[in-house]
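The following note sets out points for a colleague who is examining the model. Please read it beside the sequence and the coordinates.

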Amino acid sequence: MTESGTLFIVATPIGNLEDITLRALRILAEVDLIAAEDTRHSQRLLQHYDISTRLTSLHDHNESQRAKQLIEKLKLGENIALISDAGTPLISDPGYGLVSQCREAGMNVVPLPGPCAAITALCAAGLATDRFKFEGFLPVKAVAKQQALQRLLTETSTSVFYESPRRVADTVRQIVAELGEDRQMVVAKELTKTFETFYSGSAQACLTWLEADTNHQRGEFVLMIAGEKQDQTEVSADALNLLKLLMKELPLKKAAAVTAEQYNLKKNHLYQLGLELKQ
């Protein structure tokens with residue numbers, strides 16, 4: 001154990017209970033208190049490893065108030081572990097407020113590396129990993145989700161999202177609509193669990209697979225979208241002039257699509273040119 005008054009950020013399994021480090025088990029057993037997103041859920045993990053450390057809840061609805069209480073305990077010399085329901089705390093899970101306030105108060109914060117669904121999925125997806133963006137969950141509202149996806153039209157790095165079973169088909173449907181049916185992507189579900197599945201292909205192929213069987217829409221999902229390949233295709237003066245004219249009358253996305261169809265060019269490349277012309 002390190003010095004007293006330390007907050008440990010402890011990653012826990014995302015499915016398979018064997019995916020926890022020896023260090024994590026030792027810290028969870030030695031700290032004075034464990035702050036968990038859902039104490040009932042976390043109790044099963046602790047019971048599995050015969051850990052009897054006291055639990056307290058820390059979730060989105062009580063984090064502001066609970067953080068102050070935990071910091072007072074840290075100041076008194078108690079050691080506390082922060083865990084979420086699964087994976088690494090703060091990665092689309094509660095804890096940011098607590099960690100931020102601990103840093104501001106000069107408290108010792110020690111991270112323990114471990115499971116993270118985004119990284120687990122990405123390393124086995126077969127998509128480029130030299131550059132990627134983790135976006136958490138896409139917005140629930142349709143317009144906000146549409147705008148978020150439109151920003152990926154010219155994104156060249158791999159984009160990684162989490163999605164729930166209720167919304168996964170609709171989200172992939174919008175990916176097809178906004179990024180095109182041919183954009184490559186990978187759907188990963190139930191990582192480290194019995195029915196772990198990776199399905200890769202075009203956005204349309206992934207949507208067809210999801211809709212083919214309701215069982216395909218069950219579980220927790222990681223969606224990974226391939227970056228747009230940088231296109232060095234030369235755009236003729238006539239095509240560029242048409243794009244400029246259409247941009248005066250139409251939204252850029254529509255102007256790029258019409259020009260692309262007229263001159264057999266990639267609309268995403270023309271969209272990027274349009275953005276540059278606007279600057």
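1. Three elements, α2 (39–48), β7 (158–163) and β10 (221–225), each contribute at least two residues to the lining of the largest pocket. Helices (H or I, at least four residues) and strands (E, at least two) are DSSP runs, numbered from the N terminus. The model is predicted: local features need pLDDT of at least 70 and side-chain atom pairs pLDDT 80 or more, while totals for chains, interfaces and linings use all residues. Residues are numbered from 1 along each chain as its sequence is written, and side-chain values use heavy atoms, with hydrogens and water left out.

2. The largest pocket has a volume of about 740 Å³. A pocket is an open set of points on a 1 Å grid over the protein atoms alone, with protein on both sides within 12 Å along at least five of seven lines; lining residues have an atom within 4 Å of a point. Grid points are joined across faces, edges and corners, and a volume is the space filled by probe spheres set on the points. The lining comprises 32 residues, and I14, D85, A86, G87 and E220 lie nearest the centre. The most, four residues, comes from α2. By class there are 15 nonpolar, nine polar and eight charged residues, where Ala, Val, Leu, Ile, Met, Phe, Trp, Tyr, Cys and Pro count as nonpolar, Asp, Glu, Lys and Arg as charged, and the others, Gly among them, as polar.

3. The second largest pocket has a volume of about 460 Å³. It is lined by 20 residues, with R183, G227, E228, K229 and K266 the closest to its centre. Its lining divides into four nonpolar, seven polar and nine charged residues.

4. One cavity of 30 Å³ or more is present; a cavity is a set of grid points where a 1.4 Å probe fits but cannot get out. The volume of this largest cavity is about 40 Å³. L153, K253, A256, K267, N268 and Y271 line it.

5. Helix α10 (residues 252–263) has 12 residues and should span 16 Å at 1.5 Å a residue, which agrees with the 16 Å between its end C-alpha atoms; the expected span is 1.5 Å times one less than the number of residues. L252, A255, A256, T259 and A260 of α10 are buried. These buried residues fall within an arc of 130° seen down the axis, so they line one face of α10; the arc is that of the directions from the helix axis to the C-beta atoms. On the other side of α10, E261 and Q262 are exposed. Buried means under 20% relative accessible area, exposed over 50% (1.4 Å probe, protein chains only). The cover over the buried residues of α10 includes α9 (237–249) and α11 (267–278), by contact (heavy atoms within 4.5 Å). N264, which follows α10, has a positive phi near 55°.

6. Helix α3 (residues 63–75) has 13 residues and reaches 18 Å from its first C-alpha to its last, close to the 18 Å expected. E63, R66, A67, L70, I71 and L74 of α3 are buried. They cover an arc of only 140° around the axis, which puts them on the same side of α3. Q65 and K68 are exposed on the face of α3 turned away from its buried side. Among the elements covering the buried residues of α3 are β1 (6–10), β4 (80–83) and α4 (96–104). Just after α3, G77 takes a positive phi of about 100°.
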